[in-house]
Amino acid sequence: METTSSIVKFATTAGPRIPAVVLISLLCVVAATGQNLLVNGSFEQDVVGPGITWHVQPSGWVVSPAGDAYLVRGNSGRFPPPIPFPDGGQVLGVMSDGSTISQGFSLASSSSLTLTFWDAHETTAGLNGLSSWVTIQNTADNTVVATSPTFQANSNDTWKQNSWAVGTLPTGNYRLTVRLGGEAVYDNFILESSALLDLVATSLTWDTVNGGATFQYTVNNGPLQTATTAKLLWASGPTAADIIPGAPEIVTQPIPAGESGQSPVIRVAASYFATPPTTRTPTHVLLVLDPDNLVQESNENNNFLALQL
């Protein structure tokens, strides 16, 4: 058995569907849970005494210029932050407008990212330095791959939560940088990562006992949000490029929305293979998941398996 390495769109003639009630059962639904990629996003480390503590820097973050962002505990000081804080007992204050904090993170697979954080105006401070925004760089070549809109802290000394749907980033190493407003304070940065769903063709074999063939697939990081299909197709070789144009599909198996995990063993009777195409001699049967590209996946290269005739 061989796996193929690319996805191509192809035209085929619709074939029979295997009755779903016989061949497939609803699998348990397990939601893909988000993961916070940032360390010390709530600025609780290191713990400081009451008031503005200029010399204590937030663990896990790089401050630039060095020392221009600092930890604040409580609401004492000349420009105290509004209380209560969104999370914990400490927040981040800023000395100069345009200072930055940054932190690296890694993605083990293509993931959808969302950033949330809180900002507020320092009470009694001016109103000129309330703007912030965020960039994400790929550290392999230092290119900026995502830039947030500009966020403006409230001028009435109340906390406001900001949210940015970053989008999808591939596997790699990155650095998140926050440009800070000089008259604002910040709390509870959360960069949530949710791995994209992945359909995986896991087996395709001839059934030497009952005749015909069997196949299975897995829905990772489910449940599946969009219904799709699995198809068995005639091919003149082991890759997607070898699918015989215009040949009738051997079979179409629905993959319903809501499915997650390993599929049951799907059996395809020998009668489905009784009439191969005559326009080109097939040498393989291909299992193709999501042939119409309805599902955005973390890996599109594991949707195929080939079985030699």
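1. Let's start with the open sheet. Four strands make it up, in the order 17-16-20-21, with antiparallel pairing. Here a strand is a DSSP run of E with at least two residues, numbered from the N terminus, and two strands pair if DSSP finds at least two bridges between them. The edges belong to strand 17 (251–255) and strand 21 (304–308); each has a single partner strand, so one side of each lacks a neighbour in the sheet. On average, neighbouring strands of this sheet are turned by 20° against each other, direction ignored; the axes are lines fitted to C-alpha atoms, and angles run from 0 to 180 degrees between N-to-C directions.

2. A word on what you are looking at. This is a predicted model, in which local features need pLDDT of at least 70 and side-chain atom pairs count only at pLDDT 80 or more, while totals for chains, interfaces and linings use all residues. Residues are numbered from 1 along each chain as its sequence is written, and side-chain values use heavy atoms, with hydrogens and water left out.

3. Strand 20 (residues 284–289) pairs with strand 21 in the antiparallel sense over five bridges. L287 faces L305 of strand 21 across this pairing.

4. Strand 5 (residues 90–94) deserves a look too. Five of its five residues are buried, where buried means under 20% relative accessible area, exposed over 50%, and partly exposed in between (1.4 Å probe, protein chains only). In a regular strand the side chains alternate between the two faces of the sheet. In strand 5 both faces are covered: Q90, L92 and V94 are buried on one side, V91 and G93 on the other. Strand 5 also pairs with strand 4 (residues 69–73), antiparallel and over five bridges, and V94 is the bridge partner of A69.

5. Now for the nonpolar cores. A core here is a set of buried Ala, Val, Leu, Ile, Met, Phe, Trp, Tyr and Cys residues joined through side-chain atoms within 4.5 Å. The largest has 34 residues, and those with the most contacts inside it are I101, F105, L115, I136, L176, F189 and L191. Strands that each supply at least two residues of this core include strand 6 (100–107), strand 7 (111–121), strand 8 (131–138) and strand 13 (184–195). Strand 13 gives the largest share, four residues. Another core, of 26 residues, lies apart from this one, with F215, Y217, W234 and L305 among them.

6. Which polar residues are worth checking by eye? Q103 is buried, with a relative accessible area of 4%. A polar atom of the Q103 side chain lies 3.3 Å from the backbone oxygen of G60. Q103 and R175 are 72 residues apart along the chain, yet their C-alpha atoms are separated by 5.5 Å. Beyond four places in sequence, Q103 also touches L37, W61 and Y174, among others.

7. S132, in strand 8, is another one to inspect. S132 is buried, with a relative accessible area of 0%. Among the residues S132 touches, not counting those up to four places away in sequence, are F117, D119, F151, R179 and Y186.

8. How many salt bridges are there? The count comes to four, a salt bridge being a side-chain nitrogen of Lys or Arg within 4 Å of a carboxyl oxygen of Asp or Glu. One of them joins R179 and D97, with the closest N and O atoms 3.0 Å apart. This pair links R179 in strand 12 to D97 in the loop between strand 5 and strand 6, 82 residues apart. R179 counts as buried at 18% relative accessibility, whereas D97 is partly exposed at 43%.

9. Two further salt bridges are worth a glance. K160 and D119 meet at 3.4 Å, N to O, linking strand 11 and strand 7 across 41 residues; D119 is buried, with a relative accessible area of 0%. R267 and D207 also meet at 3.4 Å, N to O. R267 sits in strand 19 (residues 266–268) and D207 in the loop between strand 14 (198–206) and strand 15 (213–220), 60 residues apart. R267 is partly exposed at 45%, while D207 is buried at 12%.

Conventions
Contact = heavy atoms within 4.5 Å. Polar contact = N/O pair within 3.5 Å; in protein donor to acceptor, adjacent residues only side chain to side chain.
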